[in-house]
Amino acid sequence: MKYKTGLVLSGGGSRGMAHLGVIKALNEKGIFPDVISGSSAGAIMGSLIADGHSPDEILTQQTGKKFLSYTNFNFFRKGLLNFKNLRKMLKDIYTVENIEDLKIPFYACASNLNEGKAEYFNSGNLTDIVTASSSVPFIFKPVEINGKTYTDGGLIDNLPIKPLLGKCEKIICVNLIHLKYKENFKNSKQVYGRTFDVLTYHNQKTYISECDILIEPPALYGQPYFNNKKAHEIFNIGYDYVMKSDIL
């Protein structure tokens, strides 16, 4: 096998802070990924880890920022918002320009709208690709790369294990999306959140069975997708789950 340990990080909006807690706990248990693959929030967090930033450093960078501080209104041109500020933030933090120059090999999944398929990038402009992977359909403007239109990787593959299959002795997957029975829906925000849960859960079901170790902190269920106020709490959910778990 080319790599000892592969790490796959799912999408999940603001729940992505849990990835940082999970990775911190894995590191404290002596587990460091040799290759990382991520969709959406998993692509953001995974790329920053692959660039050499620590989980605590990334959490500190993001704490206190409102989710909408990463966006600009786009006046409904292909999407309500665009990720101009996120692009600037990532560009300022990254120490390299292209994916292939990261310290840890990294794949970002984005959905190719022209061809209707998932693509797994491990080369090319890092900021463009990670922003594309994180651009939730209808809310954020898609990203143009090499003349093609890309949007959130979670639309097609929210748990992008595919590029790591056959390359790793062990693959650890971190899934932030769960499905539990929900009795009532109080508002449109809850309906949207539930719709996102259902769509992403079913597109990743097949891939979950391929994971050697699956990390799914149950306390994440019900946590917000588009609100950074609970960043520390969500970070700690991921950290505590791994530290107290015997699955490793």
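**Exercise 1. Is Ser40 buried or exposed?**

Work from the predicted model.

*Solution.* 
- Step 1: Ser40 has a relative accessible area of 8%.
- Step 2: Buried means under 20%. Ser40 is therefore buried.
- Step 3: Ser40 sits in the loop that runs from strand S2 (35–39) to helix H2 (41–50).
- Step 4: Its phi is near 55°, a positive value in a residue other than glycine.
- Step 5: Most residues other than glycine have a negative phi.

**Exercise 2. Find where Asn146 lies and decide whether it is buried or exposed.**

*Solution.* 
- Step 1: Asn146 belongs to the loop between strand S7 (143–145) and strand S8 (148–152).
- Step 2: Its phi is positive, about 50°, although Asn146 is not a glycine.
- Step 3: The relative accessible area of Asn146 is 76%.
- Step 4: The cut-off for exposed is over 50%. Asn146 is therefore exposed.

**Exercise 3. Explain why helix H5 counts as largely enclosed, and find what caps its N-terminal end.**

*Solution.* 
- Step 1: Helix H5 covers residues 126–133.
- Step 2: The buried residues in H5 are Leu126, Thr127, Ile129, Val130, Thr131, Ala132 and Ser133.
- Step 3: That is seven of the eight residues, so the rest of the structure largely encloses H5.
- Step 4: Asn125 caps the N-terminal end of H5. One of its side-chain oxygens lies 3.2 Å from the backbone nitrogen of Thr127.

**Exercise 4. Identify the disulfide and say which parts of the chain the pair ties together.**

*Solution.* 
- Step 1: The structure holds one disulfide.
- Step 2: Its partners are Cys173 and Cys211, with sulfur atoms 2.4 Å apart. The cut-off is within 2.5 Å.
- Step 3: The angle about the S-S bond is -95°, and the link of Cys173 and Cys211 is left-handed.
- Step 4: Cys173 lies in strand S9 (residues 168–174), and Cys211 in the loop between helix H6 (188–208) and strand S10 (213–215). The pair therefore ties together parts that are 38 residues apart in sequence.
- Step 5: Cys173 is buried at 0% relative accessible area. Cys211 also counts as buried, at 13%.
- Step 6: Cys168 is in no disulfide. The nearest cysteine sulfur belongs to Cys173, 9.8 Å away. Cys168 counts as buried at 7% relative accessibility.

Technical notes. Residues numbered from 1 in each chain as written. Predicted model: local features only at pLDDT ≥ 70, side-chain atom pairs only at ≥ 80, totals over all residues. Heavy atoms only, no water. Helix = DSSP H or I, 4+ residues; strand = E, 2+ residues; numbered from the N terminus. Buried < 20%, exposed > 50% of the residue type's maximum accessible area, 1.4 Å probe, protein only. Polar contact = N/O pair within 3.5 Å; in protein donor to acceptor, adjacent residues only side chain to side chain.
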